[in-house]
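Biologist: I am new to this structure. Please take me through it step by step.

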Amino acid sequence: MAAQLYKTHTGQLFHAGSIVIINVGLPARGKTHGSRSLIRYMNWLGVKSKSYHMGQYRRRLYGTDISADYFDLGNAEMADARTEAENTCIRDIIEYLTKGGGQLAIFDASNLQAARRRQIYNTFEDNKIRPLFVEYICENEAIVDENIRKVKISSPDYVSLDPDSAVLDFKQRIASMEPYYETIDDNDLSYIKLYNVGEHFVVNNIRGYLQSRVVFYLMNLHISDRTIYLARSGESSNEGSYKADAPLSDIGHRYAHNLQDAILRRIKQRNSDVLVKTGVDISKRTLKVWTSTHVKSYQTAEYFARHENVSVRRRMLLKGINPGVCENMSLDDVKKKFPQEYQAYLRDPYHHRYSLAESYHDVSVRLEPVILELEREHDDILIIAPESVLRCIYAYFAPQGLPDSLIPTLAFPRSIFVELKPTAYGCKERRIGISPTIPVRPEPAARVDSENSVTNKPQSGNIEH
């Protein structure tokens with residue numbers, strides 16, 4: 001819950017009560033990708049959220065080797081099996097939202113028939129859970145085919161099939177469901193329709209702040225492949241000072257050159273692998289470099305600006321955390337001069353704010369527009385920023401359950417950069433060595449708030465920025 005704004009007396013946010021999002025749409029339309037992404041964003045905001053995927057319940061009850069008749073909604077013999085799986089999932093959602101402390105859940109299933117949707121709606125309403133329908137409509141067969149090949153054939157249903165057979169089987173599954181698909185046309189319901197994964201939208205009867213946040217997020221969503229790279233700013237000539245905003249040192253310039261070589265080499269290898277695997281040439285894809293307005297950050301980024309298909313943009317929101325009165329102070333200095341501040345920091349390093357300073361929570365809230373733009377971007381993104389900013393951005397993509405208290409301890413040494421690939425089933429991460437052609441100065445001991453890598457234990461060194 002990196003950017004949580006506040007809590008009500010119930011422990012929930014925004015006085016919104018409990019909300020269930022009920023997905024609607026044929027398979028391979030982006031429902032699961034949208035659900036996973038939305039859950040990541042909501043948990044990051046501090047809204048305790050969870051997605052319930054119908055396929056997992058089906059496999060748990062009936063295994064992976066199930067008859068194709070299960071997916072034929074006109075097959076009455078399988079109706080009880082389908083209903084049992086759905087009801088088991090619905091019971092778990094109600095338990096989570098009424099007794100498990102959750103505030104938002106997603107019922108990630110096809111839900112194609114209007115009469116069944118109304119039954120599900122009434123069940124949740126009876127439990128004082130507010131339903132919001134999200135219908136994924138895709139009229140572009142190329143998008144559907146790409147989604148099947150990228151995501152669906154890696155499903156547990158197809159571990160024993162070759163890719164071509166899996167694609168054929170999945171398309172037959174869709175064909176058996178298609179005749180029974182009824183789009184939402186009941187304007188008494190709260191719903192949003194997404195056409196062609198974000199091409200245009202229809203929004204109806206949205207109520208309250210939290211539902212509005214859900215809609216706003218979904219309007220920024222897409223399922224295109226892209227890669228996000230995170231890299232530290234180079235070392236400055238006055239590394240301990242936030243106010244000085246010093247330029248790169250000689251070692252900082254060498255680091256920037258090495259970083260440029262390593263990332264461009266990685267992208268070239270990625271493009272070659274994609275061409276061999278899919279036959280698609282993505283070598284002309286733009287790399288967008290976002291950098292903070294710190295001198296050392298944009299000087300690091302300038303090494304990329306000279307290359308073709310690269311754009312560089314400075315962003316004030318990516319500035320490092322402000323250490324306030326503790327600038328250039330070590331933790332030992334803080335302990336001696338401000339013992340109460342030091343104890344408060346140890347109790348809650350994520351939310352603690354030194355005098356005239358920012359907390360990590362403040363930085364996360366500040367970064368929300370950047371997070372939403374990251375979700376909207378179709379191109380590759382490289383973020384070059386101070387370590388404090390990278391920690392908060394990484395926390396957004398990190399696996400659910402990363403405690404706030406660990407965010408200030410995340411390490412981004414200058415010997416590596418981080419590669420993140422958001423997918424329908426999570427976010428793949430790699431840490432890739434920069435392999436400098438000359439030695440990089442060893443990382444100094446961590447500052448409280450700072451550019452330097454930290455561990456869970458307080459260390460000596462200067463306050464970070």
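This is a predicted model: local features need pLDDT of at least 70, side-chain atom pairs count only at pLDDT 80 or more; totals for chains, interfaces and linings use all residues.

Biologist: In which sense do S5 and S6 pair?

Modeller: Strand S5 (residues 191–195) and S6 pair in the antiparallel sense, over five bridges. Two strands pair if DSSP finds at least two bridges between them. Strands (E, at least two residues) and helices (H or I, at least four) are DSSP runs, numbered from the N terminus.

Biologist: And what is the strand order in that open sheet?

Modeller: The six strands run S2-S3-S1-S4-S5-S6, with mixed pairing. At the edges are strand S2 (49–53) and strand S6 (200–204), each of which pairs on one side only. Neighbouring strands are turned by 15 degrees against each other on average, direction ignored.

Biologist: Which strands does H7 touch?

Modeller: Helix H7 (residues 208–218) packs on the sheet and touches S1, S3, strand S4 (130–137), S5 and S6. Contact here means heavy atoms within 4.5 Å. The direction of H7 makes about 15 degrees with that of S4; axes are lines fitted to C-alpha atoms, for helices over the stretch in contact, and angles run from 0 to 180 degrees between N-to-C directions.

Biologist: Another topic: at what angle do H5 and H6 pack?

Modeller: Helix H5 (residues 141–150) and helix H6 (residues 163–177) pack at about 125 degrees, with their axes 10 Å apart. The two are therefore oblique to each other (under 35 degrees is roughly parallel, over 145 roughly antiparallel, 65 to 115 roughly perpendicular, and the rest oblique). Residues in the contact include Ile-148 of H5 and Phe-170 of H6.

Biologist: There is another open sheet, then; what is the order of its strands, S7 to S12?

Modeller: That sheet has the order S9-S8-S10-S7-S11-S12, again an open sheet of six strands with mixed pairing.

Biologist: Why is one side of S9 and of S12 left without a neighbour?

Modeller: Strand S9 (310–314) and strand S12 (426–433) stand at the edges with a single partner strand each, so one side of each has no neighbour in the sheet. S12 runs antiparallel to strand S11 (residues 416–423), joined to it by eight bridges. Lys-421 has Lys-428 in S12 as its bridge partner. Helix H14 (residues 387–397) packs on this sheet, touching S7, S10, S11 and S12.

Biologist: How many residues are in the largest nonpolar core?

Modeller: The largest core has 53 residues, and Leu-230 and Ile-383 are among those with the most contacts inside it. The largest share, eight residues, comes from H14. A core is a set of buried Ala, Val, Leu, Ile, Met, Phe, Trp, Tyr and Cys residues joined through side-chain atoms within 4.5 Å. Apart from it lies another core of 32 residues, including Phe-71 and Tyr-191.

Biologist: Last one: is Thr-300 buried or exposed?

Modeller: Thr-300 is buried, with a relative accessible area of 0% (buried is under 20%, exposed over 50%, partly exposed in between, with a 1.4 Å probe and protein chains only). Thr-300 lies in helix H9 (residues 295–305). Among the residues that Thr-300 touches are Arg-232, Tyr-255 and Ile-384, not counting residues up to four places away in sequence.

Terms used: Residues are numbered from 1 along each chain as its sequence is written. Side-chain values use heavy atoms; hydrogens and water are left out.
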